[in-house]
Amino acid sequence: MNKKEIKKSIVSLNSQVFEQTYFKYDLRNPFNKFQAFLNDETRKSWLELKDKTKENKELFAIVKKELTRDILYVGAECEKFSEIGIEEEFTEMKNIFDNDFINLVRVKPPSIDNIIESWDKIRAEIILFSCHGDNFGLYIQNGEMKCTHISNLDLISFFEKRSNYTECVVLSACESLTLAKKIADVGKNVVAINKKININTARKFGSYFLKYLNNHSLDYNHVYKEAFNYSEEIVKYEGLEDSFAFEFISANKIT
């Protein structure tokens with residue numbers, strides 16, 4: 001396949017993605033990464049182009065951008081509860097990734113306005129919340145960097161507005177199953193915790209989940225369920241406290 005044929009394939013793929021996203025995403029505009037889920041058929045096409053464009057820096061950059069999964073990390077402590085160890089956790093995460101098709105970005109400080117700004121800028125395929133929670137919402141931070149409770153109702157609209165480009169949400173927060181079910185309804189795969197949980201177990205699970213994604217970053221959308229199964233099996237094998245507290249909910253629709 002020559003350069004002209006490769007460009008023709010990219011234009012064709014762009015038209016498909018443009019149509020899938022109801023004309024919100026156009027590859028020809030490099031500043032507009034308004035990406036919907038890449039369905040498996042489209043991802044397969046991009047993967048086929050990956051090897052064919054290696055010798056052309058410009059074309060390969062376009063293909064690489066489409067195949068890269070961005071992860072947005074939102075880690076928030078709360079003075080009302082036990083320390084999670086956000087700094088140590090993020091350092092561990094950074095050391096996991098050695099893959100050119102995974103990009104880890106941290107929201108710092110994790111205030112609501114910074115989360116919104118970062119999420120809309122990065123348009124991450126994966127967002128990981130590491131914080132405290134309960135059946136009614138998550139404890140994040142306000143503009144004054146004080147712990148504040150954000151209700152499930154407020155969070156749902158937050159996720160729904162960004163349903164075009166987020167593939168998977170990881171809620172590493174106690175009692176987050178109620179929120180997870182609502183998030184799945186607006187088109188995202190979700191990992192959640194169904195009870196109060198030992199912090200070390202939650203961190204271990206998250207680490208294994210990300211390690212699997214690092215090693216299988218170019219896989220199709222089943223990669224999230226497989227990463228969950230892998231992580232759950234290990235924490236159970238290790239006999240970690242609360243190892244049965246994790247749940248995976250598949251997206252109810254693809255938006």
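Start by selecting Glu89, Met93, Leu128, Val170, Leu171, Ser172, Val191, Ile193, Ala202, Phe205, Gly206 and Phe246, which line the second largest cavity (on a 1 Å grid over the protein atoms alone, a cavity is a set of points where a 1.4 Å probe fits but cannot get out, and lining residues have an atom within 4 Å of a point). This is a predicted model, where local features need pLDDT of at least 70, side-chain atom pairs count only at pLDDT 80 or more, and totals for chains, interfaces and linings use all residues. Residues are numbered from 1 along each chain as its sequence is written, and side-chain values use heavy atoms, with hydrogens and water left out.

That cavity holds about 70 Å³ of space. Now colour helix H4 (86–96), strand S7 (168–172), strand S8 (189–193) and H8: each supplies at least two residues of its lining (helices are DSSP runs of H or I, at least four residues, and strands are runs of E, at least two).

Next, pick Ile84, Cys131, His132, Ile199 and Arg203, which are among the residues lining the largest cavity. About 100 Å³ of space lies there. Helix H8 (residues 199–215) gives the most to this lining, with 3 residues.

Last stop: show S4, S5 and S6, an open antiparallel sheet in that order (strands pair if DSSP finds at least two bridges between them). Its edge strands are S4 (132–134) and S6 (147–151), each pairing on one side only. Strand S5 (residues 137–141) pairs with S6 over 5 bridges; zoom in on Gly137, which stands opposite Ser151 in S6.

Terms used
On a 1 Å grid over the protein atoms alone, a cavity is a set of points where a 1.4 Å probe fits but cannot get out, and a pocket is an open set with protein on both sides within 12 Å along at least five of seven lines; lining residues have an atom within 4 Å of a point. Grid points are joined across faces, edges and corners, and a volume is the space filled by probe spheres set on the points.
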